[in-house]
Each structure stands twice: as structure tokens, then as C-alpha cells.
Amino acid sequence: MRSVLTSIWVWFAIGTLIVLWVPVMLVARAVDRDPAHYYAGYTLRIMGRLFTYVNPFWDVTLEGAFPEDPRRPYVVVCNHFSQADPPIISRVPWEMKWVAKKQLFDLPVAGWLLHLSGDISVDRRRKKSRARVLTTARDYLEKRCSVMFFPEGTRSRDGRVQRFSDGAFRLAIEEGVPVLPLAIDGTHEALPKNSLWFKPNPEPIRVQVLEPVETDGCSPDQARALQRHVRARIAQQIADWRDADLDTVDGRSGTEAAAVRWIDEGPGSPAQSAGGASGEASVKPSSPPGASEPGR
């Protein structure tokens, strides 16, 4: 009963905030002369932060070395456990354009806000849409605005870090910008996948901004090595939080992409010769019917 009452309150508060934020976003977009619509986007992230405060049971901790210059562009990547991830991550003190599934942009009211913020829509069923994502992301990077990817492409079902795709990492190499890894944990218990019910007593929710990984000197054929190394660092942070072995949080444990093999390796290391191995897609393929798509 407590979970039901909590969930009714939280969803009512979120819906109210979304409706109230429409005129706020219209004004923000109208007065924002930044070529990347940086301030309009940041206005939407404020709404995301407010979502996290309406749930009285969430205990959120945000730590790490935040970028000194919020306008230095990064390709930001994070593991994905729950629908709660985006509003939690919105607490970071800089703007970045999110890659999100087309279905969210098609929603009434909430979809309008995503369009006004300048976020990036992807329809994974259409190859041209996936290509446009990278083109739009490049444009934002050139305009000194970071872009945000969930490289798993969908929320994890079991609280482990799953397979990453290579596209965001190849983009970072081609554009010569660093990869900024984020790790998040606790949201898979606070709002489990395929559930609308918020748990009243979840584990603490934690976000860590990890040290950026420079891409200077990397070539596009090293994207997979870079991806595996960054993924391993994210998985290691989650393992440290849980006081667990790395293999227990790694959905790729026992494969060539296992985090234990890549935590100390990366582009330019001997292990990067595995870059051509099978196991990860350069661009995430279409999801099976009913599955979640990348983004939020």
C-alpha cells in the first residue's frame, strides 16, 4: 500500500511539473540565442532535477570531478538501469543533449519539451535516423555542447552492466573530444524496469562522474577498445559501491568483452587488437518488438 500511495503521488507531481513547464520552456527557447540552445536545454534539466525531489524516499548522492568548463564538449556515456536514470543524471551541473527514443518525442506535452530542449530523437528501426543522430551530435559538439548516450541502448533487466555499442566512442574519436563516463546505481531498485511502482525504501541512489578519457591519438578502428575500457571503468565503480567482485556486476563476464580484461587496457594497448572481435555492434541494431530503445 505504501508503494502504491508513493507512486500515485510521484506520478501526479511529475505530470503537474511537465504541464507547468511548457510555458517555461517556450520562454526559455524564445530568448535563448545560443546556437546549441544550451540554456533552453538546461532549463529542461532543472525540471528533471525537480522530479527527483518529489519522491520523499530517494536518497541521491552525486559525486566526482565535474568539468571545470561546462562548454568544453564531451561525449558523455552512462550505464542504464531505470526510467529514473535521466532525472537523476539531470542533477549534473552542465547541459548536454540527450539521445532518446523517438517514442518519447511523440508523446503529447512531454515530447514537446524534448523538442524545445534540442534533444536528439532516434528511431532505431530506421537506418537513416540512426545516421542523423551522429550528424546532429557532431553539430552540437562543434557548438561546444556535450552529448549524452546510454550505450547499452536499453535498461538492464538484472542490475548488471550490459553490452555497449561502439557508435558514441567512434564519434568521440572522429571529433577529437574526450569521453566522459558516468556511473549510476540504485535506480534499478527504486523504479524497476517494466514497472510504474516506486519502491518506498530503495537503496541509496548514487551517481559518479568519472575521470574523462582522452581520445587524442586514437583512430576510429580503436573505438571498440575505447568502448570496452570505458565500460569496464563504469562497471568497476558499480562493483566498488556494492562491495562486490567485478564479474558479479558485469553482464559480459566470461566473454572477450569482460570488464576484468579491459579495466587496465584501452586504445593503444596490446589487448586492443581484439577490436575486430564479434560481440558488440558498431551501431545498435533494431530492438525486438516490445523492447526498450536507447535513450530514456
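Predicted model: local features only at pLDDT ≥ 70, side-chain atom pairs only at ≥ 80, totals over all residues.
Let me start with Lys-102, which is partly exposed, since its relative accessible area is 31%, and here buried means under 20% relative accessible area, exposed means over 50%, and partly exposed is what lies in between, with a 1.4 Å probe and protein chains only. Lys-102 sits in helix α4, residues 102–105, where helices are DSSP runs of H or I with at least four residues, strands are runs of E with at least two, and both are numbered from the N terminus. From Lys-102 to Leu-141 there are 39 residues in sequence, and their C-alpha atoms are 21 Å apart in space.

Residues are numbered from 1 along each chain as its sequence is written, and side-chain values use heavy atoms, with hydrogens and water left out.

Now to the salt bridges, each of which is a side-chain nitrogen of Lys or Arg within 4 Å of a carboxyl oxygen of Asp or Glu. How many salt bridges does the structure hold? There are 15 salt bridges, and I will take three of them in turn.

In one of them, Arg-71 and Asp-34 meet through their side chains, at 2.9 Å from N to O. Arg-71 is in the loop between β1 (60–64) and β2 (75–78), and Asp-34 is in the loop between α1 and α2, so this pair ties together parts that are 37 residues apart in sequence. Arg-71 and Asp-34 are both buried.

Another salt bridge joins Asp-119 to Arg-45, with the closest N and O atoms 2.7 Å apart. Because Asp-119 lies in the loop between α5 and β4 (120–122) while Arg-45 belongs to helix α2, the pair ties together parts that are 74 residues apart in sequence. Asp-119 and Arg-45 are also both buried.

The next salt bridge is between the side chains of Glu-214 and Arg-72, at 3.6 Å from N to O. This pair links distant parts of the chain, with Glu-214 in the loop between β7 and α9 (223–242) and Arg-72 in the loop between β1 and β2, 142 residues apart. Glu-214 is partly exposed, with a relative accessible area of 38%, and Arg-72 is partly exposed as well, with a value of 35%. As for shared partners, salt bridges join Arg-45, Glu-95, Lys-97 and Asp-119 into one network.

Let me turn to the largest pocket, which holds about 710 Å³ of space. On a 1 Å grid over the protein atoms alone, a pocket is an open set of points with protein on both sides within 12 Å along at least five of seven lines, unlike a cavity, where a 1.4 Å probe fits but cannot get out, and lining residues have an atom within 4 Å of a point. Grid points are joined across faces, edges and corners, and the volume is the space filled by probe spheres set on those points.

Which residues lie nearest the centre of the largest pocket? Of the 27 residues in its lining, those nearest the centre are Ile-14, Ile-18, Phe-51, Gln-83 and Pro-87. Two or more lining residues come from each of α1 (2–31), α2 (38–53), α3 (85–89), β3 (96–101) and α5 (110–117), and the largest share, five residues, is from α2. By class, the lining has 19 nonpolar, four polar and four charged residues, where Ala, Val, Leu, Ile, Met, Phe, Trp, Tyr, Cys and Pro count as nonpolar, Asp, Glu, Lys and Arg as charged, and the others, Gly among them, as polar.Finally, a word on the backbone, where most residues other than glycine have a negative phi. Phi of His-37, by contrast, is near 50 degrees, a positive value in a residue other than glycine, and His-37 is found in the loop between α1 and α2. Its relative accessible area is 21%, so His-37 counts as partly exposed. Val-109 also has a positive phi, of about 70 degrees, although it is not a glycine, and Val-109 lies in the loop between α4 and α5. With a relative accessible area of 22%, Val-109 is partly exposed.
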